[in-house]
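Subject: Handing over the structure

Hi there,

Here is the structure I promised to pass on to you. Have a look at it first, and then read on for what turned up in it.

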Amino acid sequence: MAVTNAEIAAIFNRIADLLEIQDENPFRVRAYRNAAHMVQGLSRSLAEMVEQGETLEALPTIGKDLAAKIREIAATGSLRKLKQLQTMVSPGLVDLLKVPGLGPRRLRTLRDYLNIQNIEELEKAARQGLLRQLPGFGVKTEQNILRELSELQQRTRRFLWAEVEEIAEQLLTYLRQLPGVKRVEMAGSYRRRRETVGDLDILVSTSRNAPVMDAFVSFASVERVISKGTTRSTVVLRTGLQVDLRMVPQVSFGAAWHYFTGSKAHNIAVRVMGVQRGLKVNEYGIFDKQDKRIAGRTEKEIYAQMGLQWMEPELREQRGELEAAAQGRLPKLITENDLRGDLHCHTTTSDGQDSLEAMAKAAQQMGHDYLAITEHSQHLRVARGLSADTLLAHCDAIDALNEKLKGIRLLKGVEVDILEDGSLDMPDYVLQRLDICLGAIHSAFGLSEQKQTARVIRAMDNPRFNVLAHPSARLIDKRSACRLDMEQIMDAALARGCCLELNSQPRRLDLNDVHCRMAKERGLKVVISTDAHSADQLGYLRYGVAQARRGWLEKDDVLNSRRLAALLKALQR
DNA sequence: GCCGTTTTCGGCCCGACTGTTTTCAGTCG
């Protein structure tokens, strides 16, 4: 089976961990991490590039050595270099890197003085008070390690973007009303709209010495203060979410906002561009040889110094956005306003919580031109899926309601189960009556890549099939993506006039950003839908739009940016 | 281990905070 890019990235990251523990040249370690990061964001399969004899060395961060390693992984599924390193470092030691406060130096001290090889041994030694005697350690470090160990699971957890949205807004409101505060903004992965965030980064600038830090650490939801300084403080909220706050002078706000928005890889690339121009770039601004600040008040100034257009935070992942900006070819990212309707939702007739009428009314209030009603099919018992007859009756109800509605059109649809053999869980004579047919995998998630891919393509062979809903079937942090050859599926969809959905449910966000980009590059249209199970959830569209933006999608890449007539035409295969 | 408008060798982003030191190393972002 073809090796995935994610597997290759995982191998490179593991090698970087092992090299780091061994006190290897830190730049060599970084080379592996850079390569892993690049591979993760690549919208083409490396295994396939190897198979077609393409030169991997043309990829950024990949030189002769790493190209050979990728070829070895593609051919054998593993890497001798990794196996060899694994014999030199005990596997438990790598886990210790996950303990906040423990880096490679302290790890080696632990191993060399106390022969500590894993988390259990570390905890035992800390309880016995052995760590405080080690060079560079003390009583406080020992206590910190013990506390981190007890909170390890919670602290390493990432949160869904949507889970932290409310507290992020509360923090902004709280900080903005403090006296002397000029400006407060979110930065970090939250601003870049990553599907999950590890912490919140907040920037504040004040007009005078306002006691913002004191106010911040006494915010109601704060459970513990990790650090508190004059320019930076870190707290942990009761939910386990870490929040960093930075104070920056207004003259540096743009530089700081850019810097703390990241991504890290994007920042490093920008700093390297600065170095090439003889400039120093940091969170306080851009400085020339005489250490004179020549930019920093706005992000636009920062990019302009590098000869670049300002770019949306969602693009800043070091996936070609700097090159695109240099050429003036940045995408004009889609916005929620570009969408004219929603093509996936449920009502009380299957497993939704609101009636047909309520859903229609809510969609109309959102300004939608159309809303597709797409109940489950009968194979999905837990969701009270509809039989052929019930769906036909439901169609009658939709037709009747459409007669009464003004300003919005309900589309008759279905979210039909793709059965294990690739057939659809609804007879063709029923599908024929519908405006739109979504197909989805809700069972047999564990098939081999070959079988799963064939299953989906066979489903798309049915000429009534329009949209592959939540294509990978993943649930973030709950269920991994099905093994699918996504490139093959996209090519098949394109050939058959089908689309792929970007499902906006916060735990799905499926397609992911890399897959959106992959679709765009092929000219395959994407549908951004909510899969709403209540009227409130129709608002989830904003999460899907954010993910689409991370995947560089523009208005024309998205099918439901079209008016009703054009949409209906496109649904005729 | 990568990379090149100063380079095929010698660089590789940079600052804040903590804790352990008594001027700085380690870690983090």
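Helix α2 provides the largest share of the surface near DNA strand B, with five residues. Near here means that a residue has a heavy atom within 4 Å of the strand. Helices (H or I, at least four residues) and strands (E, at least two) are DSSP runs, numbered from the N terminus.

Before going further, please keep in mind that this is a predicted model, in which local features need pLDDT of at least 70 and side-chain atom pairs count only at pLDDT 80 or more, while totals for chains, interfaces and linings use all residues. Residues are numbered from 1 along each chain as its sequence is written, chains are lettered from A and ligands numbered from 1 in the order in which they are written, and side-chain values use heavy atoms, with hydrogens and water left out.

**Around the DNA**

In total, 47 residues surround DNA strand B, and the closest are N25, R30, G101, G138 and R271. Elements that supply at least two residues each include α2 (26-41), α4 (64-76), β5 (222-228) and α15 (264-276). By type, the surface divides into 17 nonpolar, 14 polar and 16 charged residues. In this count Ala, Val, Leu, Ile, Met, Phe, Trp, Tyr, Cys and Pro are nonpolar, Asp, Glu, Lys and Arg are charged, and the others, Gly among them, are polar.

Strand β13 (residues 409-417) is largely enclosed by the rest of the structure, because eight of its nine residues are buried. Buried means under 20% relative accessible area, exposed over 50%, and partly exposed in between (1.4 Å probe, protein chains only).

Two strands pair if DSSP finds at least two bridges between them. Strand β12 (residues 370-376) runs parallel to β13 and is joined to it by seven bridges, with E375 opposite V414. The chain gets from β12 to β13 through helix α19 (residues 388-404), in a right-handed β-α-β crossover. Right-handed means that, with the strands pointing away from the viewer, the path from the first strand over the helix to the second runs clockwise. Strand β14 (residues 436-440) is also parallel to β13, through five bridges, and there V416 stands opposite G439.

**Helix α24**

Helix α24 (residues 541-550) has nine of its ten residues buried, so the rest of the structure largely encloses it. Among the buried ones are L541, Y543 and R550. Their cover includes α11 (161-176), β16 (499-503) and α23 (513-522). Just after the helix, W552 takes a positive phi of about 70°.

**Two residues in helices**

N5, in helix α1 (residues 5-21), counts as buried at 12% relative accessibility. A polar atom of its side chain lies 2.9 Å from the backbone nitrogen of L46. Leaving out residues up to four places away in sequence, N5 touches V39, L42, R44, S45 and L46, where contact means heavy atoms within 4.5 Å.

Q305 belongs to helix α16 (residues 299-305) and is partly exposed, at 28% relative accessibility.

Most residues other than glycine have a negative phi, and most peptide bonds are trans. A cis peptide bond joins G262 and S263, with omega about 0°, and another cis bond runs from D510 to L511, with omega near 15°. A444 has a positive phi near 50° and is partly exposed at 25% relative accessibility. A473 has a positive phi of about 65° and is buried, at 0% relative accessibility.

Enjoy exploring!

Conventions: A polar contact is a pair of N or O atoms within 3.5 Å; within protein, one must be able to donate a hydrogen and the other to accept it, and residues adjacent in sequence count only if both atoms are side-chain atoms.
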